[in-house]
Amino acid sequence: MNERTTYAPARAELLGNHTDYNEGLVLAIAINVGTTISGSGRADTQFNLSSEGFPDSWSGWIDQFTPQKEPAPTWPNYVIGVGQALQSAGVALKGADLHISTTIPIGSGLSSSAALEIATALQLLKLNPGKELAPLEIAKAGQWAEHHFSGVKCGLLDQISVLMSKENHATFIDCRSFEVRHLPLGEETEFVIVHSGVNHALDSGDYNERHADCSEAAKLLGVPFLRDVTPGELEERRSLLPERVYRRAVHVVGETARVASAVSCLAHGNMDSFGKLMFESHRSSVENFENSCTEQDFLVNFSAGFDGCKGARLSGGGFGGATIHLLDQEKTAEFSAVIGDAYEKQFGRQPLILKTKACHGAH
């Protein structure tokens with residue numbers, strides 16, 4: 001059968017750390033690395049998966065899709081989990097031969113998993129025409145795979161950002177109403193993303209522990225989600241929460257407030273104030289959510305002293321991975337060189353550095 005190709009970019013989170021599963025607000029961009037799937041359909045119901053990034057291939061049958069457990073390769077869970085989700089949504093799947101390649105550094109916190117999920121969903125919908133799914137339904141198929149095949153209780157930030165982002169725009173997501181808006185960043189806006197080299201793994205338990213802390217905070221405050229609490233209300237009711245749970249709530253409630261302020265900054269073209277919100281976000285990650293690491297802190301602190309860097313913070317779930325830096329365009333080359341040298345001097349290794357604008361979503 002005819003081969004088809006789909007592509008989904010990585011994403012970087014500008015603001016809105018861990019707000020998605022708390023029904024808060026998020027700002028993100030798609031970036032210029034991504035995952036490509038080349039695929040062709042089959043007449044039977046067999047799935048054959050291969051990848052340039054992983055040495056193991058995988059074969060199985062549609063009616064036997066179940067989560068793969070270690071020591072077997074687990075990366076196929078993102079693909080077959082999406083396949084199972086699409087079937088539940090009414091897509092009549094046949095077999096497929098799929099080959100996966102990616103330029104996303106694995107473990108960087110740039111959502112290689114969501115890119116794989118969305119590229120898979122678009123591929124399978126092309127190979128099995130007949131059932132139309134709205135973008136939000138496609139994003140939810142990826143989220144379902146995370147929840148049920150990979151064990152990560154994620155929100156929809158990653159999948160929506162990967163699928164629905166727009167070139168030279170920030171993607172605003174209201175994670176309660178699922179309103180998605182595109183806010184101009186300007187063609188001159190550039191970002192530098194630095195992978196700390198500390199691989200993050202959201203299925204390690206840290207992510208789900210933070211999710212549980214946020215749920216406990218909402219329950220003790222008597223609200224459905226932390227989205228329903230303002231910073232002032234949280235301070236008034238602080239005595240209701242254990243100290244750790246309170247600090248988790250401070251971060252999430254503060255993040256939603258920061259996103260709201262950032263939207264206003266973008267509307268007025270005030271990137272200096274936007275950058276300050278990024279620095280504030282990272283400080284809260286360190287002090288309240290405890291999802292940063294020494295290497296990420298070094299990168300952000302270095303940026304704060306670099307003339308031309310407006311803002312920086314960890315990007316994504318945290319616990320390792322990448323930081324994102326907002327720069328004056330004429331300073332990106334100099335910044336990339338000096339931060340790489342400084343990091344190597346401090347930690348004995350060069351970080352992976354990516355320069356990017358805001359890019360278009362999956363296609």
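Axes in these legends are lines fitted to C-alpha atoms, for helices over the stretch in contact, and angles run from 0 to 180 degrees between N-to-C directions. Helices (H or I, at least four residues) and strands (E, at least two) are DSSP runs numbered from the N terminus. The model is predicted, so local features need pLDDT of at least 70 and side-chain atom pairs count only at pLDDT 80 or more, while totals for chains, interfaces and linings use all residues. Residues are numbered from 1 along each chain as its sequence is written, and side-chain values use heavy atoms, with hydrogens and water left out.

**View 1. Packing of helix α1 against helix α2.**
Helix α1 (residues 76-88) and helix α2 (residues 112-127) pack at an angle of about 45°, and their axes are 9 Å apart. That angle makes α1 oblique to α2; angles under 35 degrees count as roughly parallel, over 145 as roughly antiparallel, 65 to 115 as roughly perpendicular and the rest as oblique. The crossing of α1 past α2 is right-handed, a term for a near helix turned clockwise from the far one by less than a right angle, anticlockwise being left-handed. On the α1 side the contact involves Tyr 78, Val 79, Val 82, Gly 83 and Leu 86, which meet Ser 113, Leu 116, Glu 117, Thr 120, Ala 121 and Leu 124 of α2. Contact means heavy atoms within 4.5 Å. Sorted by class, the contact of α1 with α2 holds seven nonpolar, three polar and one charged residues. Here Ala, Val, Leu, Ile, Met, Phe, Trp, Tyr, Cys and Pro count as nonpolar, Asp, Glu, Lys and Arg as charged, and the others, Gly among them, as polar.

**View 2. Packing of helix α2 against helix α4.**
Helix α4 (residues 157-164) packs with α2 at an angle of about 55°, the axes lying 9 Å apart. The two helices α2 and α4 are therefore oblique to each other, and α2 passes α4 in a right-handed crossing. From α2, the residues Ala 114, Ala 115, Glu 117, Ile 118 and Leu 122 meet Asp 158, Gln 159, Val 162 and Leu 163 in α4. This contact of α2 with α4 divides into six nonpolar, one polar and two charged residues.

Asp 20 is found in the loop between β1 (4-15) and β2 (25-41). With a relative accessible area of 10%, Asp 20 is buried; buried means under 20% relative accessible area, exposed over 50%, and partly exposed in between (1.4 Å probe, protein chains only). Leaving aside residues up to four places away in sequence, Asp 20 touches Val 26, Gly 155, Leu 156, Leu 157, Cys 175 and Tyr 207. Asp 20 and Arg 227 are 207 residues apart along the chain, and their C-alpha atoms are separated by 9.4 Å.

**View 3. Surroundings of Val 253.**
Val 253 lies in helix α7 (residues 243-267) and is buried, its relative accessible area being 4%. Not counting residues up to four places away in sequence, Val 253 touches Leu 226, Val 229, Thr 230, Pro 231 and Leu 234. Val 253 and Met 164 are 89 residues apart in sequence and 25 Å apart in space, C-alpha to C-alpha.

**View 4. Aromatic pairs.**
Rings of Phe, Tyr and Trp (its six-membered ring) pair if their centres lie within 6.5 Å; planes under 30 degrees apart count as stacked, over 60 as edge-to-face and the rest as tilted. By this rule the count comes to nine aromatic pairs. Trp 144 and Phe 149 form a tilted pair, 5.7 Å centre to centre with 45° between the planes. Trp 144 is partly exposed at 29% relative accessibility, whereas Phe 149 is buried at 7%. Phe 298 and Tyr 343 form an edge-to-face pair, 6.2 Å centre to centre with 65° between the planes. This pair links distant parts of the chain, with Phe 298 in helix α9 (residues 294-304) and Tyr 343 in helix α10 (residues 332-347), 45 residues apart. Tyr 343 is buried at 0% relative accessibility. Ring pairs link Phe 298, Phe 302, Tyr 343 and Phe 347 into a cluster.

Most residues other than glycine have a negative phi, and most peptide bonds are trans. Ser 111, although not a glycine, has a positive phi of about 70°.
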